[in-house]
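This briefing sets out the disulfide, the domains, and the pockets and cavities of the structure shown below.

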Amino acid sequence: MKKVLCGALLALPTLCSAAYPAHPINLIVPFPAGAGSDQTARTIAACMETKLDSARIVVLNKPGASGDIGLTALARAEPDGYTIGLVNTPGVISLPIERKTAYTLESFDFIANLVEDPGTISVHADSPIHSIQDLIAAAKAKPGEITVGTQGVGSAGHISALSLEHAAGIQLSPVPFQGAAPASVALLGKVVDSTMANLGEAITFASGKPWRIVGVMGDKRAEQAPDIPTFHDAGYEVIGGSMRGLAGPRGMPAEVIADLSRAVDECNRDQTYLSRAKASFQPLRYLKRDDYIASLKAVDRQLRELWTVKPWQQ
């Protein structure tokens with residue numbers, strides 16, 4: 001429609017601007033290629049390209065510092081709609097709680113949530129740990145000696161490990177990596193005793209490899225892995241994992257936010273997108289902008305409460 005109007009208003013160039021998007025959109029992912037966040041970004045980008053007028057979306061991985069590097073780049077980008085990013089809980093919330101960052105929740109214009117992926121803890125298939133009960137017993141027998149790979153201080157995996165410690169009265173030894181993929185390599189190489197990963201990542205990493213998922217940190221058993229017990233099943237109230245959604249720097253034009261939101265909404269009715277997400281074990285949970293913001297504020301309250309009990313910066 002905008003192009004038609006522009007053609008009719010050539011005599012009034014100040015009222016006419018190029019249709020959005022007029023050039024490629026960069027989508028920042030604060031984690032390495034191959035991780036669950038990267039898969040989510042590439043899946044939604046491929047679909048959004050078909051829903052936006054002549055769009056090309058370029059995924060840019062900016063890993064490091066538990067996601068802080070990528071989130072900082074997103075917050076500091078020009079708010080013109082040509083830089084958006086995949087933002088994850090808890091990092092987008094936990095990092096500003098634990099230290100001074102270049103951003104807070106108020107630094108972003110949120111578009112929609114895409115995925116809610118519960119946390120898991122896994123061990124090597126050769127490990128004597130076969131169950132949640134085995135894990136708790138081993139940690140109690142050797143306080144502070146059971147190593148657990150995480151995606152860095154303040155990451156979903158790290159905070160999930162601390163939540164488990166608090167709920168079960170145990171002490172683990174978190175080992176930070178730059179993402180889930182390098183943490184998985186460390187587990188398969190037996191560099192660490194266990195590792196935290198979101199469920200979609202853990203299922204992918206376990207495919208054809210000596211990898212055992214011990215437990216899921218969801219409020220119920222996952223559709224993708226119904227045989228794997230939750231920590232709730234074992235008597236421990238441990239809920240962990242990550243929401244993955246889209247945001248841009250604060251100050252994007254309202255019409256750009258509307259265009260991006262519309263594209264995401266259409267993707268969540270697109271069978272090709274839905275099938276690709278399912279095939280890559282991405283637990284979709286689509287939340288429109290207002291509901292997404294409300295959920296983020298709820299997580300913010302929960303993490304601030306956890307910080308007073310068990311700070312994750314050590």
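Cys267 is buried, at 0% relative accessible area, where buried means under 20% relative accessible area, exposed over 50% and partly exposed in between, with a 1.4 Å probe and protein chains only. Cys267 forms a disulfide with Cys47. The model is predicted, so local features need pLDDT of at least 70 and side-chain atom pairs count only at pLDDT 80 or more, while totals for chains, interfaces and linings use all residues. Residues are numbered from 1 along each chain as its sequence is written, and side-chain values use heavy atoms, with hydrogens and water left out.

**Disulfide**

- One disulfide (a pair of cysteine sulfur atoms within 2.5 Å) is found in a search of the whole structure.
- The sulfur atoms of Cys47 and Cys267 are 2.2 Å apart.
- The pair ties together parts that are 220 residues apart in sequence, because Cys47 lies in helix 2 (residues 36-51) and Cys267 in helix 9 (residues 254-267); helices (H or I, at least four residues) and strands (E, at least two) are DSSP runs, numbered from the N terminus.
- The disulfide is left-handed, because the torsion about the S-S bond of Cys47 and Cys267 is about -115°.
- Cys47 also counts as buried, with 7% relative accessibility.

**Domains**

- The chain is assigned domain 1 (25-116 + 241-309) and domain 2 (118-234), with bounds that come from an automatic or database domain assignment.
- Between the C-alpha centres of domain 1 and domain 2 the distance is 24 Å.
- Domain 1 puts 25 residues into the contact and domain 2 puts in 20 residues, contact meaning heavy atoms within 4.5 Å.

**Largest pocket**

- The volume of the largest pocket is about 1,200 Å³.
- On a 1 Å grid over the protein atoms alone, a pocket is an open set of points with protein on both sides within 12 Å along at least five of seven lines, a cavity is a set where a 1.4 Å probe fits but cannot get out, and lining residues have an atom within 4 Å of a point.
- Grid points are joined across faces, edges and corners, and a volume is the space filled by probe spheres set on the points.
- The largest pocket is lined by 39 residues, and the closest to its centre are Glu116, Asp117, Pro118, Ile239 and Gly240.
- Two or more lining residues come from each of strand 4 (108-124), helix 6 (156-168), strand 9 (241-249), strand 10 (284-287) and helix 11 (289-309).
- Helix 11 contributes the most to this lining, with eight residues.
- By class, the lining of the largest pocket has 17 nonpolar, 12 polar and 10 charged residues; Ala, Val, Leu, Ile, Met, Phe, Trp, Tyr, Cys and Pro count as nonpolar, Asp, Glu, Lys and Arg as charged, and the others, Gly among them, as polar.
- The largest pocket lies between domain 1 and domain 2, because both give residues to its lining.

**Cavities**

- Two cavities of 30 Å³ or more are found in a search of the whole structure.
- The largest cavity holds about 150 Å³ of space.
- Of the 17 residues that line the largest cavity, Phe31, Asn88, Gln151, Ala156 and Asn198 lie nearest its centre.
- Domain 1 and domain 2 each supply at least three residues to the lining of the largest cavity, which divides into five nonpolar, 10 polar and two charged residues.
- The second largest cavity has a volume of about 40 Å³, and its lining residues include Gln151, Ala156 and Asn198.
- Strand 4, helix 6 and strand 7 (194-198) each give at least two residues to the lining of the second largest cavity.
- The lining of the second largest cavity has three nonpolar, six polar and no charged residues.
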